Each structure stands twice: as structure tokens, then as C-alpha cells.
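Please look over the sequence and the structure shown below before reading on.

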Amino acid sequence: MLRSLVGSEMCIRDRCNAQEKTYLRFYGLLAERFCGLNPTYQEKFDEAFYSQYSTIHRLETNKLRNTAKIFSHLIHTDSISWSCLSYITLSEEDTTSSSRIFVKILFQDLCEHLGLKKLNDRMHDPSMAPHFTGLFPRDNPRNTRFAINFFTSVGLGGLTEQLREHLKNAPKMIMQQKQDVDSDSSSSDSSSSDSSSSSSSSSDSSSSSSSSSSDSSSDDDDGDKDKKPEKGSR
């Protein structure tokens, strides 16, 4: 059973890619139907998304376009989970020209079928946010800027409003974090200094007490020496 499922998924994907010069919606509907019949197909197409995206640089332009469109169909019809987009990381280091073309066609097709507003709502759904951290990176300003420029260049700048706000506030956040770190460091140094001062005071007090005891003992000895011996009675 599993072998037939895998074979069907590969047949749909490979025939769509290899034998058709342009994308035919028939293949998307067929894949959607299979996913609706058996959840195993959903898992296999999810794995296929990862596999195809990882090796997207090997595909010719028309095959790349067909691949992006069939996965777009499966995603916007909810035939497979939107979490498959977690395999994409938008940064200069993690993308190639081919992968950027793939992502461009994928999102433009999603926008064409869903509309920008609905697509934006999906992409910023709090329950799905962990899966889209690679698409909307906030780890450092360079990657954030790259993602903003990418979506803007493909006509989907409306998806980046939250990223732009994050980038705008990033210097303030970095400054605040630095101040918090400095404050914690100062508090730690102050606490260490107070502890050291207290220890020093205790040591001085102990030394002073020891010195007083020594002086008192010395005075007693001198007093005994100064006393004259009493005369005995005759």
C-alpha cells in the first residue's frame, strides 16, 4: 500500500515537472484528491516539498515553475499543512537564485488564489508563527532586511509590515538589552564590592580587638613589674 502511495505521488510530481511545458491544474487537483483520500499522501507530499526545495537548483526553469505551482495548490487548498514552509529560510546565505525564484512563484501563486489580505492573515497566524520564522527572520537586522527586500521586490511588500516595525524598533530593543546587561553587571559588581567591604571591616575590627587585648596584657605585665615588694615584719 505504501509503495503504491509513494509511486502515485512521484508519478504526479515527475509527470507534472518532466512532461509538461506549462503547469496544468489537473495535476494539482489530482494531488489534492489523493491527499483527501489518505493522510499518508499528505506526509509524502510534505516530504516531497522538502526534497524538491533542497535540490531545486537542479531543475530547469519550467520544471521549477511547475513544482512551485503544484505545491502552491496543495497549500492554499489545505491539502498539506502550511508548516511545510518551515523548510524555507530567507537569507542571503541560505538561498540560491533558483530557490528564490521558487519562493517567488510559490508566494505569487498563493497570493493570486487567496488574495493578499487572507495570505497575510495566514502568514501571521499566531498558532503558525513558529513555522514561519525562516520566512520572516528576526534573528538579526541583516536577515530581516533581506526578507523585506525580497518580498517587496516580488510585489508582496504587504506581508512585511510587522517585519518593518520590528526592524524600526530593533535599535531601541538592542539598546534596552544592553542597558539591562550593564545594570545587572553593575548590581553584581556593587554586591561583590559591598561583600568585600563588609569582610574587610570585619577583619579590621577583629584586628583592632586583638591589638587592644595585646595592649591590655602588656600594661598588666608592666604594672606588676613596677610594684615594690612589701617588707616582711621583723
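L64 is placed in helix 4, which spans residues 61–76; helices here are DSSP runs of H or I with at least four residues, strands are runs of E with at least two, and both are numbered from the N terminus.

Leaving aside residues up to four places away in sequence, L64 touches I56, L59, S98, I101, F102 and I105, where contact means heavy atoms within 4.5 Å. One of these partners, F102, is 38 residues from L64 in sequence, yet the two C-alpha atoms are 6.4 Å apart in space.

## How the model is to be read

This is a predicted model, in which local features need pLDDT of at least 70 and side-chain atom pairs count only at pLDDT 80 or more, while totals for chains, interfaces and linings use all residues. Residues are numbered from 1 along each chain as its sequence is written, and side-chain values use heavy atoms, with hydrogens and water left out.

Not counting residues up to four places away in sequence, H73 touches Y23, R25, G28, L29 and E32. For G28, the backbone oxygen lies 3.4 Å from a polar atom of the H73 side chain.

## Helices 5 and 6

Helix 5 (residues 97–114) packs against helix 6 (residues 116–123) at an angle of about 115°, and their axes are 7 Å apart; the axes are lines fitted to C-alpha atoms over the stretch in contact, and angles run from 0 to 180 degrees between N-to-C directions. Helix 5 contributes F107, L110, C111 and L114 to the contact, and helix 6 contributes L116, K118, L119 and M123. Sorted by class, this contact of helix 5 with helix 6 has 7 nonpolar residues, no polar ones and 1 charged residue.

## The chain as a whole

The chain has 8 helices and 0 strands. Of its 234 residues, 32% count as buried. Among contacts in the chain with a separation of 6 or more, 71% come from residues 24 or more positions apart. The accessible surface of the chain comes to about 14,600 Å², and 47% of this surface belongs to carbon and sulfur atoms, as computed by the Shrake-Rupley method with a 1.4 Å probe.

Definitions and conventions. Ala, Val, Leu, Ile, Met, Phe, Trp, Tyr, Cys and Pro count as nonpolar, Asp, Glu, Lys and Arg as charged, and the others, Gly among them, as polar. Buried means under 20% relative accessible area, exposed over 50%, partly exposed in between (1.4 Å probe, protein chains only). A polar contact is a pair of N or O atoms within 3.5 Å; within protein, one must be able to donate a hydrogen and the other to accept it, and residues adjacent in sequence count only if both atoms are side-chain atoms.
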